[in-house]
Amino acid sequence: MSGFRRSFVLILVAVMAVAAGSVLYWQQVTQRLATDARESIVVVSRELTDNFERLLGAELQVLTALAVSLEESGYLQQKTQLVSYLSRQNRRNSFEMMGFQFPSGEAVFSNGASRRNFLSAKEVSFAYEHSHYVSEKRKDPFSQKDILVLAIPLRSHGENLGIVFGTQSVDFYADTLASNSMHGEGLSFIITQEGNVVVSFPQVQFDNVFEIAKNAVFDRGVAPGQMQKDMTLGKDGLTGYALNGHHRFSSYRPLAYNQWYGLSVLPTQSMAERAQELMVLSLVICLSVIGVLVLLLIFILRMQHQSSRALFQLGFVDPLTQTDNLSAFQLKFTKAAEEFKQKKVPVALALINVNRFKAVNDIYGFEQGDQILKQVAQALQSDLAEGELFCRSGADVFLLLLACPDREELGRRVDAMLEKAGRFCRSGGECLPLSLTCGIYLVDEDVPFYIMMDRANLAWASAKRHAGKSCAFYDEAYRREIVNENKIESSMEQALLDQEFKLYLQPKCDFKTGITHGAEALVRWLHPEKGLVPPDSFIPVFEKNGFVLKLDLFVLEESLRCLKRWMEEDRPVVPIGVNFSRLHLEDPCFIDQLADLADQYAVPHALLEIELTESVVFGNVERMKQVIDGLHEKGFSVAMDDFGSGYSSLNVLKNLYFDCIKLDKEFLARGEGNPRMRQVISGAVKMIKGLGSSIVAEGVETREQADFLSRTGCDMAQGYFFSRPLPVADFEKRLWDETRK
């Protein structure tokens, strides 16, 4: 009996402890939820202002580019042409309407209409003073919709030429605010310092938030009118208040335009509901524990069961997607493959990776990234047949065991799976297309599982390396390619010592006469057994392992030796362009080393042209500006190589001065038989010339190309139509023969 009493007392004490702990837990959770709500609304407010500023900045950049184009086009002298040009540009952007206001006050619109003083004298003055202007909310003179007006002034040699402007519906900006409305639970505003509503989501029925705030009861420690006072002083802040029986948190931050503010409002009702749910949950847990304590034996058995299940989850279940993890997949793989083998159905191991998923996390956050991975997993699993397997083996990597009755059919099936899994829509209907890549190993021999994974991974790497290819099968040829890369790496140092690398020079020629005015330094590998090794087979390997640093210096020194010999022998001398990898340009001592080496050979710095590829330049614009300025200070000329191979920004070119721009041969090839592309090339050439840079066209292979590029204003040509890359001796003979003529 005494034992029963002791057990009863222990159970009673345990019950009381559980109850007290539940109450304390609920109190802590409630406080934490309040803190989280405050932190969340501040984060949302920051995102709101950042997103709105980026949107306005992007639209002003569009107007800036248009202003630059108008300055050089001559359309300002012909209003008919100006209206036509504005109309064309308007169709290519998101503005409701575009226009231009002359200094006389006359404004013409892209729809052909005109108005006097569409922008007031005060607005025009503000635009010239600040280099841009964003209006308060006003009525569109044509549609009577609420709009904002964005404007960029146009000057030339100190003369005010007018104002380029664009109108945008307030509803357009409201859509941007929708992403910061906390899934429809909150309110997002852009307001003036005086509290006037510029944009809101969802749409509200009042015009001034301060007028509404007069009826609010603010939390303890928050003075009435504090938000209005903070906005007058340009401060940000957070307030809590009750209005119409509902409590809310409000966070506000200043914008970089017009002294506007971003305002986010979050009702605490949702927090209270969550607290209530947790309270109920705490009560249920308390009662459950009490029941379990009363039925001690059942409790022990249940805990053992839960413990076993938790261990299973930890060891064999992916915690994010709740699917098999790699351990479970590997355990099931052998049995599943054997069952397919008995049915005489071949199987394949497929490795699928979400490309550049780190960027998705950086842009949308880890929570949104996890949702994407869950949806990808669901999409891939939904297409599995009976007996096939699936698992998430890593952060953004998935493995599948698939039946493969036919290789081509499997390829089409996997492509369809990748396309389906790549479609992901966020809340609000905004779609984010994902890119997935797959490597497939056909299980045709009895090898360990890790070797199968290695082969599937090699196939994935093959698909990754080939642009436009989403799926690849493992084959021995690709494995041999990897082996060949290893052979190249093992022999590269000795090849440099044995002088197997040779300098070649490709002439840069005048379009009309074909006379050589410069050269680009290239490298060739003359292997004692393989003969002339193509650069495409070893340059990418050297760029990956860093050996390109030594190879670049070799090409530089060989070029300097040529220039020095030409000067000493009183021969004709032309500048030589030398390309350098990103690794060199990231070295802060690179420019001084380059100058010292040129001085050792007594070669004037102006005879060396430093060529930087487009991808290197736009990889880190700020660093490249420092490099280019430093090279110019040392007297070197600088050229951008492969212009047009990627996504060049002419606005960036305005901040980076290049002595020469080299049009990429692929850029030229896309213009063959394409009138619109030719217009793009002509426009790019005109704008580059306007920036003061000379232009060399690469890859010129036909007379038609040469004539077209000559007419557009290109200065020099480089390509097989004029000359292939030549050994130094052959280049010198060509150069000296031209001089004798």
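Visitor: How many cavities of 30 Å³ or more does the structure hold?
Guide: Heads-up: this is a predicted model, in which local features need pLDDT of at least 70, side-chain atom pairs count only at pLDDT 80 or more, and totals for chains, interfaces and linings use all residues. Residues are numbered from 1 along each chain as its sequence is written, and side-chain values use heavy atoms, leaving out hydrogens and water. A cavity is a set of points, on a 1 Å grid over the protein atoms alone, where a 1.4 Å probe fits but cannot get out. Counting cavities of 30 Å³ or more, the structure has 2.

Visitor: How much space lies in the second largest cavity?
Guide: Grid points get joined across faces, edges and corners, and the volume is the space filled by probe spheres set on them. For the second largest cavity that comes to about 30 Å³.

Visitor: Which elements give two or more residues to the lining of the second largest cavity?
Guide: Lining residues have an atom within 4 Å of a point, and here they are L663, D664, F667, L668, I681, A697, E698 and L709. Elements are DSSP runs numbered from the N terminus: helices are H or I with at least four residues, strands E with at least two. The ones giving two or more residues are α22 (665-669) and β28 (694-698).

Visitor: Are α9 and α13 roughly parallel or roughly perpendicular?
Guide: Using axes fitted to C-alpha atoms over the stretch in contact, with N-to-C angles running from 0 to 180 degrees, α9 (residues 326-342) packs on α13 (residues 449-465) at about 110°, axes 11 Å apart. Since angles under 35 degrees count as roughly parallel, over 145 as roughly antiparallel, 65 to 115 as roughly perpendicular and the rest as oblique, α9 and α13 come out roughly perpendicular.

Visitor: Which residues of α13 meet α9?
Guide: Contact means heavy atoms within 4.5 Å. The contact divides into 6 nonpolar, 1 polar and no charged residues. From α9 come L326, F329, Q330 and F333, and they meet α13 through F449, M452 and M453.

Visitor: Which residues of α25 make the contact with α16?
Guide: The axes of α16 (residues 548-568) and α25 (residues 728-740) come within 13 Å and cross at roughly 40°, which means α16 is oblique to α25. On the α16 side are C562, R565 and W566, and on the α25 side V728, F731, E732 and W736.

Visitor: Where is the cis peptide bond, with omega near -10°?
Guide: Look at the loop between β9 (197-201) and α5 (209-213), where P202 is found. The cis bond runs from F201 to P202.

Visitor: What is phi of A602?
Guide: A602 sits in the loop between α18 (590-600) and β25 (608-613). Although A602 is not a glycine, its phi is positive, at about 55°.

Key: 1 Å grid on protein atoms, 1.4 Å probe; cavity = no way out; pocket = protein on both sides within 12 Å on 5 of 7 lines; lining within 4 Å. Nonpolar A, V, L, I, M, F, W, Y, C, P; charged D, E, K, R; others polar.
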